[in-house]
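Dear colleague,

Please find the structure below, handed over for your own work. My notes on it follow directly after.

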Amino acid sequence: MPPPQTSAADVASVGGGRSRARRIAHRTRDTCVSVLCSRLCSILLAVILVAGVALFVASLSLRPHRPRFALASFSLSGSVPGGKAEFNVSECNPNRHIGIYYDGDTRVSLRFYDALVASGPAFPAGWYQPNMTTVSVAGVLDVVGPTHGDPAAWHSFSAALQAGRLPLRLELTFTGVRFRVTTAFQLQLQLRGGRQRMHVKCYVVVGGDGRLLRGSVGAPCDRYL
Ligand SMILES: *[C@@H]1O[C@H](CO)[C@@H](O)[C@H](O)[C@H]1NC(C)=O
Ligand SMILES: *[C@@H]1O[C@H](CO)[C@@H](O)[C@H](O)[C@H]1NC(C)=O
């Protein structure tokens with residue numbers, strides 16, 4: 001009688017059964033781990049997405065808008081040179097939660113093309129414009145030109161004044177502009193790192209009487225920050 005044979009196939013099948021069970025257990029654990037992992041991953045992704053959107057919205061609302069300038073009034077009186085130029089430019093801070101500091105000097109100059117007509121300080125350094133307010137930058141300048149020393153400019157200036165249409169350019173230069181976030185906690189956060197220069201150009205057209213022509217009243221000015 002042949003000895004009972006434990007066939008290789010049987011051993012293989014028993015061993016195979018054990019290893020299959022182990023493999024199934026492994027696979028189940030792997031599946032659990034991967035399900036957990038993908039859940040965690042999707043939660044993490046959702047959190048990152050929400051945080052990103054929140055940051056984007058916050059940065060949009062905190063990004064400073066440049067102040068807006070418009071010509072409120074202007075007049076030229078007296079002789080040229082020797083007369084006076086009176087200007088009044090309104091300045092609006094359109095930011096809901098951002099105040100503006102003007103640390104440096106602010107200068108104003110008035111030009112007829114390249115020729116200087118008048119210049120001077122517009123307002124002293126070191127003032128603060130709160131959020132959502134409008135102020136006026138106004139003053140009176142001594143008219144110093146164009147002079148007879150620059151005959152070409154003097155002649156075209158006189159001719160334009162006589163023709164009742166004199167184009168002038170009023171330029172404001174702010175040397176130290178800073179934006180600051182104002183929060184409900186009076187915490188102030190500085191934006192865009194430090195002081196900046198800002199140039200403003202208002203195009204003015206006055207008539208023969210030295211007063212603004214109608215189209216120039218309230219005209220917005222160009223800004224370069
Ligand atoms: C400048 O214009 C504004 C608005 O028209 C006015 O309220 C303000 O009093 C003027 N300022 C000066 C100094 O004329
Ligand atoms: C200016 O900002 C403060 C603080 O963020 C806020 O409480 C206040 O309402 C703002 N003022 C205006 C006119 O919006």
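Among contacts between residues at least 6 apart in sequence, 67% join residues at least 24 apart; two residues are in contact if their C-beta atoms, placed from the backbone, lie within 7 Å. Of the 225 residues of the protein, 19% count as buried. A residue is buried if 20 or more other C-beta atoms lie within 10 Å of its own, exposed if 12 or fewer, and partly exposed in between.

The model is predicted: local features need pLDDT of at least 70, side-chain atom pairs count only at pLDDT 80 or more, and totals for chains, interfaces and linings use all residues. Residues are numbered from 1 along each chain as its sequence is written, while chains are lettered from A and ligands numbered from 1 in the order in which they are written.

The secondary structure comes to two helices and 11 strands, in the order α-β-β-β-β-β-β-β-α-β-β-β-β along the sequence. Helices (H or I, at least four residues) and strands (E, at least two) are DSSP runs, numbered from the N terminus. Helix H2 (residues 151-162) has 12 residues and reaches 16 Å from its first C-alpha to its last, close to the 16 Å expected; the expected span is 1.5 Å times one less than the number of residues. Gly164, which follows H2, has a positive phi, near 80°.

Ligand 1 is surrounded by Ala72, Asn88, Ser90, Ser136 and Ala138, where a residue is near a molecule if its C-beta atom, placed from the backbone, lies within 6 Å of it. Strands S2 (84-92) and S7 (134-142) are the elements that give two or more residues to this shell.

Ser119 is found in strand S5 (residues 115-123). Ser119 counts as partly exposed because it has 17 C-beta neighbours inside 10 Å. Leaving out residues up to four places away in sequence, Ser119 touches Arg107, Val108, Ser109, Leu110 and Leu141. The C-alpha atoms of Ser119 and Leu141 are separated by 6.4 Å, with the two residues 22 apart along the chain.

Some backbone features deserve a check. Most residues other than glycine have a negative phi, and most peptide bonds are trans. A cis peptide bond joins Val80 and Pro81, with omega about -5°, and the bond from Gly145 to Pro146 is also cis, with omega near 0°. Phi is positive at Tyr113, near 50°, and at Met132, near 55°. Tyr113 lies in the loop between strand S4 (106-112) and S5, and Met132 in the loop between strand S6 (127-129) and S7.

Yours sincerely
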